[in-house]
Amino acid sequence: MNKKALIPFAVFIAGLCSIIYELLISTTATYFLGDGVRQFSIIIGVYLFSMGIGAFLSKFFKDKPLTFFINVEYLLGFIGGISVPLLYMLFVYVSPMILQISCLAIIFVIGLLTGMEVPLLTFALEESNIKNNLSNVLSLDYIGGLIATLIFPFIILPFVGLYYSSLIFGIVNIVLGILLNYTLLKDKKRNSIFGFLAVIALVVLVLFGGKLLKVWDQKIYKRPIVLNEQTPYQKIVMTKTQGDVRLYLNRVIQFSSSDEHRYHESLVHIPLAMHYNPKRVLILGGGENLASREVLKHSSVQRVDVVDIDSTMFYLAKENKYLKDINADAAKNEKVNLIPEDAFTYLFNNTEKYDVIIADLPDPTNQALARLYSKQFFLMAKRNLKKDGVFVTQSGEIYFSNKVFSCINNTLASVFEDVQPYHTYIPSFGDWGFIIARHEGNDSKVDTKALPEDLKYLNPNQIEQAFIFPKDIAIADTKQNTLDNPIILNYFLDEWEKWKVDFEAGTK
């Protein structure tokens with residue numbers, strides 16, 4: 001590759017790698033620290049700010065712009081390459097505050113170095129009499145950034161993963177510097193030593209990546225891992241110890257096989273027993289098909305539509321030996337229709353109405369999930385429900401997350417005429433809340449005779465107790481959760497922080 005073509009190519013690769021680092025660090029921070037909107041906003045802000053500082057500092061390196069650019073590529077590739085492995089290690093050993101500061105420090109350095117790249121190459125172009133103008137240089141940098149944002153969610157994240165992606169693009173960055181060094185500089189050997197050492201270090205991390213990830217994951221989950229998959233939507237981990245299988249999505253536990261029956265029986269059978277003849281049931285979320293397992297115990301049900309955004313969950317529900325055993329092959333039942341789609345989008349586009357809608361969705365830990373507890377979401381659920389239909393949603397832990405539970409209740413009450421909260425104690429989770437909502441005039445009670453006979457937990461007495469709350473757990477006064485103001489996310493994060501502080505204080 002000649003000099004005239006190499007510099008524009010370098011601009012393109014530099015722009016691509018820098019945006020990839022920013023996306024990798026933002027995503028890793030979201031996985032470990034939660035609240036994706038906050039993490040992306042802060043990290044992008046620091047990244048852009050430090051780029052400005054880097055652009056300003058570049059004017060002090062005008063004398064040897066190509067030499068400094070190559071050194072920047074070495075340093076940027078090394079820091080960007082080790083960024084995700086370093087954050088993985090820090091997550092295990094340091095506090096969330098230190099981890100947050102580390103994320104910002106890493107992205108600051110990456111932004112600083114990135115901000116120096118284009119100015120240094122512009123100085124080099126002026127020096128070398130190459131007739132490329134600044135607009136062409138910048139356009140290639142922006143094109144590289146665009147391609148990075150397109151391949152990240154569709155190729156890099158699901159097929160390569162965070163850990164290996166940072167190392168691979170770090171190596172690419174450093175190799176670019178080495179290529180420029182041997183093509184454009186006279187003193188080739190001295191300036192390439194750091195580049196080769198950095199590549200060797202990253203290659204070693206690639207080769208030992210499997211072992212390192214296994215050690216880190218084991219420290220995070222503290223149980224033997226039997227499944228570890230990254231999809232375009234989430235990280236799926238399954239652990240197994242002494243017969244107890246646990247499923248985690250983005251590190252948040254979804255169920256424990258030792259007591260999941262308490263949750264799913266309460267979620268499914270109480271609302272179904274309120275409907276005199278449930279035939280068509282919609283389950284939003286629940287891709288592992290444990291809720292559909294319970295629905296199928298009602299002989300009147302003719303069709304169960306399960307809507308989950310992640311098709312990988314459907315595949316695992318049908319093929320993973322642990323999930324198949326727990327869900328009793330419900331995912332393969334002829335009555336069950338698996339629909340890989342976002343729950344919000346599905347409710348918006350659907351025109352057929354249901355007897356019962358069950359929202360088995362994750363807690364509102366981020367902006368995307370908070371909208372699934374919004375007034376607009378509940379309005380669409382109501383539109384998809386028959387006049388005598390029943391809607392139910394899981395509503396979180398009612399003691400430690402009382403404001404979240406209350407917010408869901410209050411938001412539902414602004415949409416439905418009849419709202420009834422109930423709760424069940426689940427050892428793996430705590431005192432868990434659910435809320436039933438119905439149209440006006442639908443005042444049917446729970447028909448305990450409609451309960452299937454082979455339940456492990458529910459009985460008439462337990463159902464009666466479920467609707468009775470302790471004196472110290474009441475519906476709090478909260479704002480309604482809307483798309484425009486997802487206040488439930490603030491409630492969740494505030495209560496989680498308080499619970500975490502109380503828990504840590506109690507364990508010291």
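I take buried to mean under 20% relative accessible area, exposed over 50%, and partly exposed in between, with a 1.4 Å probe and protein chains only.

I note that this is a predicted model, where local features need pLDDT of at least 70, side-chain atom pairs count only at pLDDT 80 or more, and totals for chains, interfaces and linings use all residues. Residues are numbered from 1 along each chain as its sequence is written, and side-chain values use heavy atoms, with hydrogens and water left out.

I looked up the salt bridges, each being a side-chain nitrogen of Lys or Arg within 4 Å of a carboxyl oxygen of Asp or Glu. I found 12 of them in the structure.

Entry on R303. I found R303 paired with D305, with 2.8 Å between the closest N and O atoms. R303 is partly exposed at 32% relative accessible area, while D305 is buried at 0%.

Entry on R223. Its partner is D244, at 3.4 Å between the closest N and O atoms. R223 sits in the loop between α8 (209–221) and β1 (225–230) and D244 in strand β3 (244–249), so the pair ties together parts 21 residues apart in sequence. Helices (H or I, at least four residues) and strands (E, at least two) are DSSP runs, numbered from the N terminus. I list D244 as buried, at 10% relative accessibility.

Entry on K382. I found a salt bridge from K382 to E417, 3.1 Å from N to O. K382 belongs to helix α15 (375–383) and E417 to the loop between α16 (402–413) and β10 (418–426), so parts 35 residues apart in sequence are tied together. K382 is buried at 19%; E417 is partly exposed at 44%.

Last entry. I noted one network, in which salt bridges with shared partners join E260, R293, E294 and K297.
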